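Subject: Structure handover

Hi,

Here is the structure for you to look at. My notes on what was found follow below it.

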Amino acid sequence: MLRRVFLLVCLCLCGVSACKPRPPDALLIFAASSLSESMTAIGHAFEREHPGLEVALQFAGSQQLLAQVEQGARPDVFAAADLSYVARLSKLGLLKESRVFAHNHLVLVVPKHQTLPIFSLQDLPLAPRIVVGAKEVPVGQYTGQLLAAADRQWGHDFQKRVESQIVSYELSVRQVLGKVLLGEADAGFVYWSDVHGHEGELRVIEPGPALNVVAQYPLLLLQTSTQPKLAAAFMEFVLSPTGQRHLAAGGLVPPAQPASVRRP
Amino acid sequence: MKPRLPLQSWTLHGMALVLVLMLMLPMLALIAQGLHGDILRVLLAPATVQALWLSLSTSAVALLLVVIFGTPLSYLLSRSKAPFIEKIQTLVQLPVVLPPAVAGVALLSAFGQKGMLGPALDALGLRIVFSTAAIVMTAVFVAGPLYVQGALNAFSSIDEELFLVARSMGAKSLRIFWKVALPLARPALVSASLLCAARALGEFGATLMFAGNLPGKTQTMPLLIYTAMESDFAQARTLSLLLLVLSALLLSVSLSLSRKWRARP
């Protein structure tokens with residue numbers, strides 16, 4: 001009996017410790033999975049400048065992170081992979097301020113030892129197994145825009161011919177990359193920043209500026225942040241030369257002018 | 001009847017209630033929130049019908065394969081007196097408890113392009129990944145052991161004397177399997193196969209990794225739910241409700257059959 005009560009108490013303690021509140025000196029940052037490496041580095045650098053402060057980072061697809069916010073998660077800052085999240089967060093009444101902090105663009109990747117003669121975007125219909133992001137996630141939307149632009153330029157049902165060769169609609173850009181790296185897919189569209197660290201395994205094909213869409217990454221400061229000053233300082237830090245250097249190391253391009261997108 | 005102390009009874013009921021709440025609340029919430037005005041539109045949408053058909057047909061094919069090959073396997077495992085037979089029984093049932101991610105990686109390692117059999121399959125012109133066959137293979141891998149487990153228990157619980165009598169009357173082993181073991185175990189085999197079908201129907205993680213996500217070809221119901229979650233949570237809830245009802249049906253028939261079988265004279 002005693003042992004049972006002891007076990008029950010242990011269980012309760014586990015439950016309580018799982019939901020203990022964050023320490024006061026902590027920032028919770030949600031960031032799109034394409035930012036994993038660079039945001040981790042920025043988080044560490046920011047911690048060094050603010051001794052005692054803890055930067056907790058959570059990475060997932062932007063869409064999943066937004067879903068978590070909808071279900072009640074309250075990060076201080078949300079770094080999303082698509083500008084549409086500015087409006088979506090503001091619709092929830094949670095947006096305080098937003099700034100574009102990085103650009104990214106799509107590239108076509110092909111396994112390096114691929115025998116198919118794919119050297120430009122126009123060769124893409126030669127690939128029998130193409131993997132792209134689902135239209136429900138940002139990378140899939142950009143891919144759709146890119147293919148539509150190519151179709152307008154080249155005609156001959158380019159988009160249709162490509163789409164008929166698509167074998168999977170993945171739900172995150174890292175899964176698209178994984179399928180290409182595994183050699184399961186003959187080609188896939190990923191962000192330029194995702195190629196970093198895999199240059200040896202991939203043939204990277206630039207679609208060219210005429211067709212490409214620029215993905216704009218907004219930093220979103222939440223209305224509900226318990227540390228609005230620190231959160232704003234973190235956003236400044238991301239836009240500072242140090243922050244931009246870390247982002248560049250992760251393959252992201254600094255915005256030409258750090259345009260401020262204010263809440264409508 | 002044993003005397004019961006009120007305190008003990010209270011403790012037991014209290015502890016039981018904790019788990020009952022944990023198990024029932026999510027399902028009740030799904031039912032409460034999944035039932036909304038748009039339910040028919042979601043259920044009759046072409047994408048839903050397509051995914052449901054794909055789920056049902058691939059699960060059926062997987063089940064058929066599992067029953068055809070798993071029944072002799074379970075029978076042999078139950079009858080064998082070979083050394084290490086218990087270890088072999090454990091190994092055969094292992095996939096059912098593997099984390100889905102592990103199952104996915106394992107299947108890719110075996111049948112992927114850079115996997116063990118990839119080059120050989122490629123030489124034969126076979127690409128498994130991203131094909132409908134990959135869904136069936138995943139289902140066999142993760143759900144097959146459930147059937148083997150049930151069938152093994154069924155065959156093991158047949159009275160040994162019946163086999164002895166059959167043998168003394170001159171029956172050969174295939175005949176004993178066909179005429180003695182199979183009829184006696186049949187209800188338990190049906191019960192196990194329904195359980196296996198339910199597991200196959202719900203398979204998600206390994207399928208996503210091994211078969212990909214293409215509507216009409218590899219997008220099964222669980223994958224459609226996951227995709228819907230990215231854009232329309234209400235749709236995901238309604239689709240989940242549909243799978244919940246299907247699973248409940250399969251499980252209740254399976255359990256009632258196995259109860260009947262255990263209560264047999």
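From the N terminus on, the elements of chain B run α-α-α-α-α-α-α-α-α-α-α-α. That comes to 12 helices and 0 strands. Helices (H or I, at least four residues) and strands (E, at least two) are DSSP runs, numbered from the N terminus.

Some ground rules. This is a predicted model, where local features need pLDDT of at least 70, side-chain atom pairs count only at pLDDT 80 or more, and totals for chains, interfaces and linings use all residues. Residues are numbered from 1 along each chain as its sequence is written, chains are lettered from A and ligands numbered from 1 in the order in which they are written, and side-chain values use heavy atoms, with hydrogens and water left out.

**Chain B overall**

The C-alpha atoms of chain B fill a box of roughly 70 × 65 × 30 Å along the principal axes. Chain B has 265 residues, and 39% of them count as buried. Buried means under 20% relative accessible area, exposed over 50%, and partly exposed in between (1.4 Å probe, protein chains only).

Now contacts, meaning heavy atoms within 4.5 Å. Take those in chain B with a separation of 6 or more: 74% are between residues 24 or more positions apart.

Chain B carries 20 positive and 9 negative side chains. Lys and Arg count as positive, Asp and Glu as negative; His and the chain ends are not counted. The centres of the two sets lie 8 Å apart, with each charge placed at NZ of Lys, CZ of Arg, CG of Asp or CD of Glu.

**The cores**

A nonpolar core is a set of buried Ala, Val, Leu, Ile, Met, Phe, Trp, Tyr and Cys residues joined through side-chain atoms within 4.5 Å. The largest has 79 residues. Those touching the most other members are L35(A), M39(A), F101(A), L124(A), Y191(A), Y217(A) and F234(A). Apart from it lies another core, of 43 residues, including A151(B), F163(B), L189(B) and A192(B).

Which residues does Y217(A) contact, leaving aside neighbours within four places in sequence? Among them are L35(A), F101(A), Y191(A) and L252(A).

L247(A) sits in helix α9 (residues 241–249) of chain A. Its relative accessible area is 1%, so L247(A) is buried. Beyond four places in sequence, the contacts of L247(A) include L35(A), F101(A) and L252(A).

**The rings**

Rings of Phe, Tyr and Trp (its six-membered ring) pair if their centres lie within 6.5 Å; planes under 30 degrees apart count as stacked, over 60 as edge-to-face and the rest as tilted. Over all chains, the count comes to 14 aromatic pairs.

The F78(A) and Y85(A) pair is edge-to-face, because the ring planes are at 70°, with centres 6.1 Å apart. Both F78(A) and Y85(A) are buried.

The F155(B) and F177(B) pair is tilted, because the planes are at 50°, with centres 6.4 Å apart. F155(B) lies in helix α7 (residues 132–156) of chain B and F177(B) in helix α9 (residues 173–202) of chain B, so the pair ties together parts 22 residues apart in sequence. F155(B) is buried at 2% relative accessible area. F177(B) is buried too, at 10%. Ring pairs link Y75(B), F155(B), F163(B), F177(B) and W178(B) into a cluster.

One last residue. S78(B) is in helix α3 (residues 46–79) of chain B. At 18% relative accessibility, S78(B) counts as buried. Not counting residues up to four places away, S78(B) touches L152(B), F155(B) and S156(B).

Best wishes
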